[in-house]
Amino acid sequence: MEMSAGTKQHLRHVEKDVLIPKIMREKARERCSEQVQDFTKCCKDSGILMVVKCRKENSALKECLTAYYNDPAFYEECKMEYLKEREEFRKTGIPTKKRLQKLPTSM
């Protein structure tokens, strides 16, 4: 049941535009966690003035995230991760996140 490379790598519109960007956002936020934390802390400390007061932190966060979003290598990495998850799902019928959370409770 070996698929040709073409079929295996083929991405539907929704995968390219929604699912892979979702992985990219999650991974980029992890990698920019320092900026995320600074921005979050600033917002907490500044209350309603956060728009004015946290510009620097917001810019730093945006810059960090954008650098990842515009990096073709990062996109490829996220795409490969997505394809791996999709293949697992097709084999097992269980989404990765559920598979990782759910340990069998009974035999």
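Let's start with a bond: Cys-42 and Cys-54 are joined by a disulfide, with 2.0 Å from S to S. (A disulfide here is a pair of cysteine sulfur atoms within 2.5 Å.) The link brings together distant parts of the chain, since Cys-42 sits in helix α3 and Cys-54 in the loop between α4 (50–53) and α5, 12 residues apart. Helices here are DSSP runs (H or I, at least four residues), numbered from the N terminus. The torsion about this S-S bond is -95 degrees, and the link of Cys-42 and Cys-54 is left-handed. Both Cys-42 and Cys-54 are buried, where buried means under 20% relative accessible area, exposed over 50%, and partly exposed in between (1.4 Å probe, protein chains only).

A quick word on what you're looking at. This is a predicted model, in which local features need pLDDT of at least 70 and side-chain atom pairs count only at pLDDT 80 or more, while totals for chains, interfaces and linings use all residues. Residues are numbered from 1 along each chain as its sequence is written, and side-chain values use heavy atoms, with hydrogens and water left out.

Back to the cysteines: the structure holds 2 disulfides. The other pair is Cys-32 and Cys-64, whose sulfur atoms are 2.0 Å apart. Cys-32 is in the loop between α2 (13–31) and α3 (33–46), and Cys-64 is in helix α5 (residues 55–69), so this pair ties together parts 32 residues apart in sequence. The torsion about the S-S bond of Cys-32 and Cys-64 is about -90 degrees, so this disulfide is left-handed. Cys-32 is buried at a relative accessible area of 0%, and Cys-64 counts as buried at 15%. Counting bonded cysteines along the chain, the pattern is 1-4, 2-3.

What about Cys-43? Its closest cysteine sulfur is that of Cys-54, 4.4 Å away, which is too far for a bond. Cys-43 counts as buried at 16% relative accessibility.

Now for the helices α3 and α5. They pack at an angle of about 155 degrees, with their axes 9 Å apart; the axes are lines fitted to C-alpha atoms over the stretch in contact, and angles run from 0 to 180 degrees between N-to-C directions. The two helices are therefore roughly antiparallel to each other, a label for angles over 145 degrees.

Notes:
Parallel < 35°, antiparallel > 145°, perpendicular 65-115°, else oblique.
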